[in-house]
Amino acid sequence: MDPLIIKAIIVLIVFAITLLIATYSTYAERKVAAIMQDRVGPDRAGPMGLLQPLADAVKMFMKEEIIPSVSNKWLFILGPCIAMLTATMTGVVIPWGGPITIGETTFDLQITDLNIGILYLFGVVSLGVYGIMIGGWASNNKFSLLGAIRASSQMISYEIAMGFAIIALVMTTGTLSLKEIVLQQDAGFANVVYQPVGFVIFIICAFAETNRAPFDLPECETELIGGYHTEYSSMKLGFYLFAEYINMFISSAVIASFYFGGYNFPFQHELANALGMSANALSILQVVMFFGKIIFFIFLFMWVRWTIPRFRYDQLMNLGWKVLLPLSLANIFVTGIVMWAMGKL
Amino acid sequence: MSITQYIFWFLSFLALMSALMVVFSRNPVYSVLFLIVTFFAIAGHYILLSAQFLAAVHIIVYAGAIMVLFLYVIMMLNLNQDAEPKKKTYVRVIAVVAIGLMLITLVGALKGATVNTPELTRTAGVGTVETLGKVLFNQFLLPFEVSSILFLSAMVGAVYLSKKNLQ
């Protein structure tokens with residue numbers, strides 16, 4: 001087959017899986033919340049409420065769409081578009097599994113392996129804030145604007161610590177390509193062994209970047225109504241909410257690839273040898289393992305949301321600037337010293 | 001024309017048009033958004049010159065950080081046409097004359113200049129992080145470190161100025 005067609009198919013599959021997982025994250029979120037609060041959760045639509053996301057989507061589409069007459073119409077529409085676009089763009093560089101060979105051609109289960117993959121990821125994440133800011137400002141509503149300002153200052157603040165955590169990771173791995181990072185973890189240990197502090201900083205920042213509890217300050221019924229999406233209705237609101245779930249999925253995938261070996265799992269080659277599996281079968285098993293890790297991290301996001309109370313806004317800023325930032329700088333420093341002492345520099 | 005040339009012309013057109021729109025927009029928020037588009041077009045040019053690292057950093061630093069702060073300030077101040085200060089007529093005339101003189105100077109300066117095309121070494125790894133890092137930390141180590149100290153002092157100055165209780 002033409003490599004271009006294969007790429008197009010992979011793009012479509014990744015896009016579809018991203019949307020599917022994000023859709024069912026909304027269902028999982030309610031079920032997890034229900035279990036933690038000793039409730040039943042959604043159970044009306046379909047068996048065990050499995051068709052609930054479908055019902056939600058229909059509801060979102062069928063609702064009346066209101067664009068406030070005082071708002072800035074074009075920017076009001078642009079806001080959710082950017083939020084959705086940046087959320088789906090991040091899946092490009094993630095390696096989903098080992099290479100698969102069909103006939104003569106071998107192709108990677110990755111849309112593209114950029115040699116600046118981490119920077120690409122970081123750039124797209126830093127653009128995500130525009131969707132929220134533009135949407136909040138274009139609504140021409142004080143609560144929306146305040147919510148947008150909260151969200152964007154939170155995201156800017158935590159991006160810094162996140163960037164420093166990534167720098168320490170790049171120091172130990174010596175590459176910016178996600179594929180190589182994952183391959184290195186096949187040969188050695190998972191990166192979390194070398195970068196435990198970096199992992200903790202990264203995951204806290206990931207929570208803050210996706211505006212998830214305990215950092216979901218942009219939405220606050222008692223202070224800000226709905227935050228930046230107060231004026232949004234129908235599927236535009238749906239896009240904002242959906243973008244959050246996509247971000248959660250991609251963050252989980254990134255955390256798994258950076259720190260937990262990506263699609264690799266312990267003793268995979270021994271297992272493949274013992275069972276006499278072909279390379280393709282191993283690759284498919286790796287994809288399954290990778291999605292297992294991703295689903296675990298999505299569950300972690302929900303677990304934290306329904307366990308830990310949210311921060312106050314000044315506590316959020318203190319944590320970001322006075323704890324995580326110095327900690328991540330110290331992490332870089334210590335990483336450098338240890339690498340120098342081990343003669344790896 | 002090859003596809004690279006088409007992309008080049010498209011990016012150049014986009015960069016120039018959005019740069020003009022930055023100046024001509026009446027609404028400052030539109031100006032900021034057009035400036036972001038300009039930065040993207042320039043980042044595209046970097047990629048055409050096979051400097052992917054520079055393109056990524058350009059997006060992260062300018063579009064992702066600096067313009068967010070610009071947008072932030074403009075939204076906070078809520079600048080719009082009503083808030084725009086009205087200049088007196090003679091001030092406007094002076095401004096036009098001054099910019100006209102500047103234009104004449106620029107045209108005069110550029111008329112005598114010769115266009116020399118720099119020799120581009122388009123080897124495969126010219127814009128990668130490895131190459132850039134080696135050049136920065138070997139050939140230009142001192143300027144690189146000095147500029148980082150400059151940034152640090154600027155940051156300290158900004159923090160100091162924003163402190164409320166100055167003694």
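Predicted model: local features only at pLDDT ≥ 70, side-chain atom pairs only at ≥ 80, totals over all residues.

Me: Where in chain B is B:Gly133 placed?

Reply: B:Gly133 belongs to helix 5 of chain B, which covers residues 129–139.

Me: What pattern does chain B follow along the sequence?

Reply: The pattern is α-α-α-α-α-α. Chain B accordingly is described by 6 helices and 0 strands. Of its 167 residues, 22% count as buried. Contacts can be sorted by separation in sequence as well: among those in chain B between residues at least 6 apart, 52% join residues at least 24 apart.

Me: Let us turn to the interface. How is its size expressed, and what area is buried between chain A and chain B?

Reply: The size of an interface is often given as the accessible area lost when the parts come together. Between chain A and chain B the buried area is about 1900 Å², and carbon and sulfur atoms give 78% of this area. On the side of chain A, the residues that lose the most area to chain B are A:Tyr130, A:Met133 and A:Trp137, which together account for 30% of what that side buries.

Me: How many residues does each chain bring to the contact?

Reply: Chain A brings 21 residues and chain B brings 23 residues. Polar contact between the two chains comes to 2 residue pairs, and the number of salt bridges found across the interface is 0.

Me: Which helices of chain A each supply at least two residues of the side that touches chain B?

Reply: They are helix 4 (117–138) and helix 5 (142–173) of chain A. Helix 4 of chain A gives the most to that side, with 10 residues. By residue type, the side of chain A that touches chain B divides into 14 nonpolar, 6 polar and 1 charged.

Me: Is A:Glu209 buried or exposed?

Reply: The relative accessibility of A:Glu209 is 7%, and therefore A:Glu209 counts as buried. This residue lies in helix 8 (residues 196–209) of chain A. A polar atom of the side chain of A:Glu209 lies 3.2 Å from the backbone nitrogen of A:Glu159. Leaving aside residues up to four places away in sequence, A:Glu209 touches A:Val125, A:Met155, A:Tyr158, A:Glu159 and A:Met162.

Me: What is the general idea of a salt bridge, and how many are counted over all chains?

Reply: Side chains of opposite charge can pair when their charged atoms come close. Over all chains, the count comes to 5 salt bridges. One of them joins A:Lys236 to A:Glu65, with the closest N and O atoms 2.3 Å apart. A:Lys236 is in helix 10 (residues 234–259) of chain A, whereas A:Glu65 is in the loop between helix 2 (52–62) and helix 3 (73–89) of chain A, so this pair ties together parts that are 171 residues apart in sequence.

Me: How are A:Lys236 and A:Glu65 classed by accessibility?

Reply: A:Lys236 counts as buried at 10% relative accessibility, while A:Glu65 is partly exposed, its relative accessible area being 46%.

Me: Which residue forms a salt bridge with A:Asp43?

Reply: The partner is A:Arg44, and the closest N and O atoms are 3.1 Å apart. A:Asp43 counts as partly exposed at 30% relative accessibility, and A:Arg44 is exposed, with a relative accessible area of 73%. Another salt bridge pairs A:Asp314 with A:Arg312, where the closest N and O atoms are 3.0 Å apart. A:Asp314 has a relative accessibility of 39% and so counts as partly exposed.

Notes
Residues numbered from 1 in each chain as written. Chains lettered and ligands numbered in written order. Heavy atoms only, no water. Contact = heavy atoms within 4.5 Å. Buried area = accessible area lost by both parts, 1.4 Å probe. Salt bridge = Lys/Arg side-chain N within 4 Å of Asp/Glu carboxyl O. Polar contact = N/O pair within 3.5 Å; in protein donor to acceptor, adjacent residues only side chain to side chain. Helix = DSSP H or I, 4+ residues; strand = E, 2+ residues; numbered from the N terminus. Nonpolar A, V, L, I, M, F, W, Y, C, P; charged D, E, K, R; others polar. Buried < 20%, exposed > 50% of the residue type's maximum accessible area, 1.4 Å probe, protein only.
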